[in-house]
Every structure is written in C-alpha cells, then in structure tokens.
Amino acid sequence: MSFAQTLNSLMENRGITAYKMGKDTKISDRLIGYWKSGDKLPNAENLIIIAKYFGTSIDYLLTGFEHINETNIRLTADEEKLLFLYNKLPLDSKSRILERAETLVELAAERAAQEADNTSKQVVSSTKTDLEALPKTKEADKHEIIYYPYPASAGTGLFLDETKAKKKYIKPTPEALNADFAIPISGDSMEPYYSSGDIVLIESCPNVPMGKVGIFVLDGEVYIKEYGGDRLISYHEKYPPIMLKEFESAICLGRVLGKAEITE
C-alpha cells in the first residue's frame, strides 16, 4: 500500500478532512492534498508529525502494515527515520548506502577484534576534543584508515563514494584509532578549529550530541558543523546557522573526533 493510500484510509476511517488535519497539525491543507493525491511525499519531520497525529508508526504510513522484526520489537524512531530516508533514494544511491553499511560493519568487527587482542590499552581523556574515555594503544609508526577525497565544506559536497575510497597512513593517536574514516575540509566556516585542507577523523554514528561537531548531508550536500538541535552552527561569525527544517533530508554521517596527522 502506498503512503497516499494509507493516508486516505486513515483520514476516511476517522472522518478527518484535510482542513481539520491541517488545523490540528499546523500543516498546510494544500500540502496534505498533494500527499493524498500521491503527487508528493512528506519529509521526515512531517512524517513524524503525521505518525503521532494518527497514533501509528512511520512503518505503517509507508507500507500499510506494522513492521515487526525477528525479536518482535518495533523499530526505534531513528531506525524508522533511516528507513524513510532510504526509501526516498534512487536505486543507485541505495546500493551505495548498502555498500557503505557493509563496510562499516566490517570496520566495526575489525576494530572489536583489535581491541580484544590488545590488553595493554589505558583510558585517557582529552579536554581539547572532549572525547569520552578513548583508549591508548602501543606506540606504532602508522595507522591505516579509509580516506574519502571529497571534502566537507561550507557549500556543496558529495556522498561518500566507496569506489573513490583510498587508504592513508596516519599517526596512531587515540582519536585516529577510534575513527572509522577520514575526509578533507574545504572552506573557512569552522575556523579557527578546522581549516581548509585539514583532514578530520570521523566516528560513524547516526547522530551526535548537542554542541558536538559532526558531518552532515543535507539534500545531498555535505557539511562539517556543530549540531545545535534544530540547526547546524558554523564557528566563523560570518556564516549564519543552517536551519534543518529548510531541507527535505538531513543525515548524520558521524562525529568529528579531531584532525589526522598524515605520516606518508
């Protein structure tokens, strides 16, 4: 069942008009009309509002049935949002997302194996990057990390492309050993902490805490910014905040741990 069919069914069964739904949710009844006719799909923020309004899940809105996983537990809000964003992507982008997910799983398994074998790690703290309990490791000359040449900037960027991924050798700092990949920075929006040409270390995660710096994809454009809840914040005063509500899709690629020190 399509989203339009599900929405029409919910509204008809409950006797709710587009006008009433718009008045209750503060969403334009004209936009609701587009959804009902199948001409448009709601963005992630509106989809959550609709699900709460009808007391159902995002899964049900998108498919017409409740998704129950193997352990008979409903998807979390983050999982439902990821599924919604994934379903909006074209086929070639879906393939790239799946490849990226498989790579992250492999990296996580390798890192877990390394941590299990290394019994000499010690807990350290870093006030500069505010990392929580990052482990120390034995001294080594270099550490290999996946590197994507496309930069995060104050303007446009690209999705991480597995076919363009390279490997770089960097100094094995605690930040480097906890990072999943690295990318370059372009532009001055995050100065003085991050400058154009810097290579930053990223820990893959679906979201970052408030006040932390992350890598974000907004409607296909990549940014390095501080997460501010409903906005992304630049450190340079000449750049205004980026309001997330102005974008159809917002994806977090990971948290910035610090800058890489290249050894090659």
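Colleague: What makes β9 and β10 count as paired strands?
Modeller: Two strands pair if DSSP finds at least two bridges between them, and β9 and β10 have two, in the antiparallel sense. So they meet the cut-off. Y227 stands opposite L232 in β10. Strands themselves are DSSP runs of E, at least two residues long, and helices are runs of H or I, at least four, both numbered from the N terminus.

Colleague: What sort of model are we looking at?
Modeller: This is a predicted model, where local features need pLDDT of at least 70 and side-chain atom pairs count only at pLDDT 80 or more, while totals for chains, interfaces and linings use all residues. Residues are numbered from 1 along each chain as its sequence is written, and side-chain values use heavy atoms, with hydrogens and water left out.

Colleague: Where in the chain is confidence lowest, and where highest?
Modeller: On pLDDT (the predictor's confidence in each residue, from 0 to 100), strand β1 (residues 123-126) is lowest with a mean of 45, and strand β10 (residues 231-233) is highest at 92. The chain averages 78, and 78% of the residues score at least 70. Over residues 154-158 the pLDDT is below 50.

Colleague: Back to the strands: which strand does β8 pair with?
Modeller: Six bridges join strand β8 (residues 213-218) to β9, and the two run antiparallel. G214 stands opposite K225 in β9. Their hairpin has two residues between the strands, and D219 takes a positive phi near 50° there. In the hairpin of β9 and β10, with three residues between the strands, G229 has a positive phi near 85°.

Colleague: And why is β3 called largely enclosed?
Modeller: Four of the five residues of strand β3 (residues 143-147) are buried, so the rest of the structure largely encloses it. Buried means under 20% relative accessible area, with exposed over 50% and partly exposed in between (1.4 Å probe, protein chains only). β3 pairs with strand β5 (residues 166-170) over five bridges, antiparallel, whereas it runs parallel to strand β6 (residues 181-186), joined by two bridges.

Colleague: Now the helices. Why is N43 called buried?
Modeller: N43 has a relative accessible area of 10%, under the 20% limit, so it counts as buried. Its place is in the loop between α3 and α4.

Colleague: What makes N43 a cap for α4?
Modeller: A side-chain oxygen of N43 lies 3.3 Å from the backbone nitrogen of E45, at the N-terminal end of α4. A polar contact is a pair of N or O atoms within 3.5 Å; within protein, one must be able to donate a hydrogen and the other to accept it, and residues adjacent in sequence count only if both atoms are side-chain atoms. The side chain of N43 also reaches the backbone nitrogen of N46 at 2.8 Å.

Colleague: Which residues have the most contacts inside the largest nonpolar core?
Modeller: They are L7, M21, I50 and F54, in a core of 20 residues. Such a core is a set of buried Ala, Val, Leu, Ile, Met, Phe, Trp, Tyr and Cys residues joined through side-chain atoms within 4.5 Å. α4 gives the most to this core, with five residues.

Colleague: What does F54 touch?
Modeller: Contact means heavy atoms within 4.5 Å, and leaving aside neighbours within four places in sequence, F54 contacts L7, L10, M11, R14, I16 and M21.
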